[in-house]
Amino acid sequence: MKTDFSASVLFLKKDKHFASLIKKHGPPEIEKYHGKLNVFHSLLRSIIYQQLSGRAAATILARVVALFPDSKPTPEALLKIRAPRLRKAGLSSQKVSYVRDLAKKCIDGTVDQKRFPKMTSEEIIEHLTAVKGIGVWTAQMLLIFTLHRLDILPTGDLGIRKGFQSVYGLKAMPTAKEMEKLAAPWRAHASVASWYLWRVADGSKEKKN
């Protein structure tokens, strides 16, 4: 079932800081992977993308996915792929250990997506960060783009901080506490707001280049 983000967009349109951004960038592309990636696949993707450029990570991800039967990643299938094949596809030894730990924890129930609908976002973050290589940011990305929680504000994300600085005309990048205070009027719609803040940060990066 798809999440309806239109209510969040309508709400943010009434905010002077977001009205022009919504007009410029259109509807948020949060549902890009809807129905295509399950929790395991999403987290596998996130681990592969860590500390890499988008293009390099996409190439490695495609190689890793091609190692699975029918190119469909599952925890069970990953544990059958030998480490040298994963490294040959482009994963570092550290990331091999991370994805194997993820697979094991998905199998033993440490990560159990069937429980997620009844869990708070904070509980899911605590649940996911039990996996090696998965921190709060990675868990938040899953909450926004895979589980479609509406109220996620990744205050530790550099792009979000830059977005706040630009949109609110701040002299310096804000602290988490300052961002929470600024976000208070639209906090329940933070996931959609974050998407627009990222677009602002991307735009600032393009201008510098």
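Gln 140 lies in helix H9, which covers residues 136–145. In this predicted model, Gln 140 counts as buried because its relative accessibility is 11%, and buried means under 20%. If we leave aside neighbours within four places in sequence, Gln 140 touches Ile 125, Ile 152, Leu 153 and Pro 154. From here, let us walk through the helix packing, the aromatic rings and a few individual residues.

**Helix H9 and its partner H8**

- Two packed helices are described by the angle between their axes and the distance between the axes.
- Helix H8, made of residues 121–128, packs with H9 at an angle of about 130°, and the two axes are 9 Å apart.
- H8 and H9 are therefore oblique to each other.
- The crossing of H8 with H9 is right-handed.
- On the H8 side, the contact is made by Ser 121, Ile 124, Ile 125 and Leu 128. On the H9 side, Val 136, Ala 139, Gln 140, Leu 142 and Leu 143 take part, so you meet Gln 140 again here, as a member of the contact with H8.
- Sorted by class, the residues in the contact of H8 with H9 are seven nonpolar, two polar and no charged.

**Helices H3 and H4**

- How do H3 and H4 pack, and at what angle? Helix H3 (residues 39–49) and helix H4 (residues 54–65) pack at about 135°, with 9 Å between their axes.
- That angle makes H3 oblique to H4.
- H3 and H4 also cross in a right-handed way.
- From H3, the residues His 41, Arg 45, Ile 48 and Tyr 49 take part in the contact. They meet Gly 54, Ala 57, Ala 58, Ile 60, Leu 61, Val 64 and Val 65 of H4.
- By class, the contact of H3 with H4 has eight nonpolar residues, two polar residues and one charged residue.

**Aromatic rings**

- A pair of aromatic rings is described by the distance of the centres and the angle of the planes.
- Across the whole structure, a search finds five aromatic pairs.
- One of them joins Phe 18 and Trp 186: the ring centres are 5.3 Å apart and the planes stand at 75°, so this pair is edge-to-face.
- Where in the chain do Phe 18 and Trp 186 sit? Phe 18 is in the loop between helix H1 (6–13) and helix H2 (19–25), while Trp 186 is in the loop between helix H11 (176–183) and helix H12 (190–208). The pair thus links distant parts of the chain, 168 residues apart.
- Both Phe 18 and Trp 186 are buried.
- Another pair is formed by Phe 164 and Tyr 168, whose ring centres are 5.6 Å apart with planes at 20°, so the pair is stacked.
- Phe 164 counts as buried because its relative accessibility is 0%. Tyr 168 is buried too, with a relative accessible area of 17%.
- Phe 18, Phe 164, Tyr 168 and Trp 186 form one aromatic cluster.

**Leu 197 and its contacts**

- Leu 197 has its place in helix H12 and is buried, with a relative accessible area of 0%.
- Leaving aside neighbours within four places in sequence, Leu 197 is in contact with Phe 18, Gly 159, Ile 160, Gly 163, Phe 164, Val 167 and Trp 186.
- Leu 197 and Ile 60 are 137 residues apart along the chain, and their C-alpha atoms are separated by 28 Å.

**Residues with a positive phi**

- Most residues other than glycine have a negative phi.
- Ser 71 is not a glycine, yet its phi is positive, at about 55°. Ser 71 lies in the loop between H4 and helix H5 (75–80), and it counts as partly exposed at 40% relative accessibility.
- His 148 is not a glycine either, and has a positive phi of about 55°. His 148 is found in the loop between H9 and helix H10 (158–167), and it counts as buried at 6% relative accessibility.

**Ala 7 and His 189**

- Ala 7 sits in helix H1 and is partly exposed, with a relative accessible area of 47%.
- Ala 7 and His 189 are 182 residues apart in sequence, and 8.7 Å apart in space from C-alpha to C-alpha.

Note on methods: Residues numbered from 1 in each chain as written. Predicted model: local features only at pLDDT ≥ 70, side-chain atom pairs only at ≥ 80, totals over all residues. Heavy atoms only, no water. Axes fitted to C-alpha atoms, helices over the stretch in contact; angles between N-to-C directions. Helix = DSSP H or I, 4+ residues; strand = E, 2+ residues; numbered from the N terminus. Parallel < 35°, antiparallel > 145°, perpendicular 65-115°, else oblique. Left-handed = near helix turned anticlockwise from the far one by under 90°. Contact = heavy atoms within 4.5 Å. Nonpolar A, V, L, I, M, F, W, Y, C, P; charged D, E, K, R; others polar. Phe/Tyr/Trp six-rings, centres within 6.5 Å; stacked < 30°, edge-to-face > 60°. Buried < 20%, exposed > 50% of the residue type's maximum accessible area, 1.4 Å probe, protein only.
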